[in-house]
Amino acid sequence: MAIVGAGFSGTMLALNLLEQPDVEVLLIERDRGRMGTGVAYSSLESTHLLNVRAANMSAFADRPEHFCNWLSARGLGCDDAFVTRATYGRYLRETLADALGENGARLKLVNDEVLAIDEGDGRVSLSLVNGGPIEADRAVLAIGNLPPHDPPALADERLPANLYVRDPWATAFEEGLPEDASVLVVGTGLTAIDVILRLDARGHKGLITAMSRRGLRPHRHLEGLSWPKPVLARPAPDLSALVRWARTEAAQRDWRLVIDSLRPVTQMMWASADREKRARFLRHLRPYWDVHRHRLAPAVAARIDALIASGRLRFRAGKILNARAGTDTLILDWRARGQSNIATLEVARAINCTGPQGDLIRSADPLVGRMLMAGRIRPDQLRLGLDIDREGHVIGAGGLVSKRLLAIGPMTRGDLWEVVAVPDIRVQVSALARRLVNAHWTAGEGL
C-alpha cells in the first residue's frame, strides 16, 4: 500500500494497515518536518491547544485509552485536559517511531514528492521528484486540507507579500511586523484564533480586526458537562425541522450536549441528503454549525475574551470589497453586514485566515493539478473535496471509478461531511484498513 501524505490521516492508515499480516506500507511525505503530524499538529506554540479533550483524542478507534496512557506515562494529566497541539504532535511522532521499531521491515517512510499516479496491469505506479517510480497494489491519497483560497477582493497577485499573507501556515506571518501595527485577520474561525494567539504570544500590541461575512467566532467548551446522550436515529426529516428540534432540546439542556449528541448520525444524515439539501446547508447553516460544533478550549476562549476586553481585538461582520497597496500599508474598502455605506480600513498586514479549502479547481497543488488534467480525479458536486464512492475509491472524469486509487481524510468531506477531526478520521482509517485487506465484517454477518 502506498499512502500519499503523512499527516494524521495517512499516518494512522499506515499504522492500522500494519496490524494486518502480510501488508507492506510506503508512507510518502514531501515535508520531512511534518512526517507523522501534518500541518495540524506541527505547531510548537504553547498557546495552541487541542479543540477536543485529551480523553477523546486517542489515535486508535479501538483503543480509546491510548493517548491518556501515553500522557500518564510522561506525568501529564488527561481527564478534562486540553493539551497543546505540540504535545499531540509528539505523541503521533512517537507512535509512528514505535511502529517503525516493531514493523521496520514492512513500513518504509519516503521523504519525497509525488508527481503523478498511474494505474495499469493491476498495479499503481507513483512517479516521484527524487526517486521512483514506485509500484504498489493500491495507493491512497491522504493529502489533508488544501491551503486557503484568496478572497475575491484579495486575489490580486500584485499585492506585496509583506502586506498580504496568503497562507499563514506557509510563512512566518509575524516577521517584520511592528508590535503596535494594525492587523486585519480575514476570517473569524479556528484558523483566525490560532493566528491571533500567535501574534499575542510574539508580543504584538496593536489592534487586531478579525472580519468575516457574519462575524461569528467559535464558542467555548464548557467544563463539567456530562457526556451527551447520543442520538441513534435521525431526529427530524428535513433541515428546518432539525433546527426546530435542536432549539427545543437546547432549551432543556446545554446546547453543546445537543450538538454533540448528533455525532453518531451526522454522517448518516449527510449521506441521505440530496445535492440541493446539502447546498442549502452549506449556504445558510454551515457557519453556524462550524462555530457550535468546533469549539475552543476554555483557556483559549479566556485569552480571546481578555484581548477583546483590553480593546486589542475586535470581531467585525462585513465584506471586503477591494484592496490596494499604499506605501507601507494595505488599504481596504469594506461594508458592514446589513449596511450600505462603505468604510475604509488601513492595516500594516492582512492575513488570510479563511481556513482550509477543498475546491480542486482552484488548488495550486501540483499533484492535484496534474491528476485533474489527466482525468484521474474530479471534484465532488459541491467542490468540498475529492469525488469518491462509498468505499473511498476516487472517481475521475466521466464518472470512472478507480479500482486501485482511494482517498481518506478531510478531502473526502463531500461524501462524509464530518471527517475533519481526529474522532471521525480514526474511525474512517480503521474501517478502510480492514476493507483493503478484506478483514472487515459485513452487515448481517454477526459474531
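Reply: Buried means under 20% relative accessible area, exposed means over 50%, and partly exposed is in between. The model under discussion is predicted.

Me: Why is Pro356 called partly exposed?

Reply: Pro356 has a relative accessible area of 39%. Pro356 lies in the loop between strand 14 and helix 10 (366–373). Leaving aside residues up to four places away in sequence, Pro356 touches Asn145, Leu146 and Thr191. His149 is 207 residues from Pro356 in sequence, while their C-alpha atoms are 7.9 Å apart in space.

Me: What makes Asn352 buried?

Reply: The relative accessible area of Asn352 is 1%. The cut-off for buried is under 20%, so Asn352 is buried. Asn352 is found in strand 14, residues 349–352. Its contacts, not counting residues up to four places away in sequence, include Pro148, His149, Asp150, Tyr164 and Val186.

Me: How do you know that the side chain of Asn352 has a polar contact with the backbone oxygen of Arg166?

Reply: The side chain of Asn352 reaches that backbone oxygen of Arg166 at 3.2 Å. A polar contact requires a pair of N or O atoms within 3.5 Å, and the distance of 3.2 Å for Asn352 and Arg166 meets this limit.

Me: Why are helix 1 and helix 3 called roughly parallel?

Reply: Helix 1 (residues 8–18) and helix 3 (residues 85–103) pack at an angle of about 30 degrees, and their axes are 11 Å apart. Angles under 35 degrees count as roughly parallel, so helix 1 is roughly parallel to helix 3. Their crossing is left-handed. On the side of helix 1, Phe8, Thr11, Leu15 and Leu18 take part, meeting residues of helix 3 that include Tyr88, Leu92 and Ala99.

Me: What makes helix 2 and helix 3 roughly perpendicular?

Reply: The axes of helix 2 (residues 66–73) and helix 3 cross at roughly 100 degrees and come within 11 Å. The range for roughly perpendicular is 65 to 115 degrees; helix 2 and helix 3 are therefore roughly perpendicular to each other. In helix 2, the residues His66, Phe67, Trp70 and Leu71 meet helix 3 at residues including Thr87, Arg90 and Glu94.

Me: How do you know that strand 1 and strand 7 pair?

Reply: Three bridges join strand 1 (residues 2–4) to strand 7 (residues 139–141), and the two run parallel. Ile3 has Val140 in strand 7 as its bridge partner. Strand 1 also pairs with strand 2 in the parallel sense, over three bridges, and there Val4 has Ile28 as its partner.

Me: What is the order of the open sheet that six strands form?

Reply: The order is 3-2-1-7-16-15, with mixed pairing. Strand 3 (107–111) and strand 15 (393–395) are its edge strands, each pairing on one side only. From one strand to the next, the twist averages 35 degrees.

Me: What makes strand 2 mostly covered?

Reply: Five of the five residues of strand 2 are buried. Val25, Leu27 and Glu29 point one way, Leu26 and Ile28 point the other way, and all are buried. In a regular strand the side chains alternate between the two faces of the sheet.

Me: Why are strand 4 and strand 6 placed at the edges of their sheet?

Reply: The open sheet of three strands has the order 4-5-6 and antiparallel pairing. Strand 4 (114–120) and strand 6 (134–136) each have a single partner strand, so one side of each is left without a neighbour in the sheet. On average, neighbouring strands of this sheet are turned by 20 degrees against each other, direction ignored. Strand 4 is joined to strand 5 (residues 123–128) by six bridges, with Val114 opposite Leu128.

Key. Residues numbered from 1 in each chain as written. Predicted model: local features only at pLDDT ≥ 70, side-chain atom pairs only at ≥ 80, totals over all residues. Heavy atoms only, no water. Helix = DSSP H or I, 4+ residues; strand = E, 2+ residues; numbered from the N terminus. Buried < 20%, exposed > 50% of the residue type's maximum accessible area, 1.4 Å probe, protein only. Polar contact = N/O pair within 3.5 Å; in protein donor to acceptor, adjacent residues only side chain to side chain. Contact = heavy atoms within 4.5 Å. Pairing = 2+ DSSP bridges. Axes fitted to C-alpha atoms, helices over the stretch in contact; angles between N-to-C directions. Parallel < 35°, antiparallel > 145°, perpendicular 65-115°, else oblique. Left-handed = near helix turned anticlockwise from the far one by under 90°.
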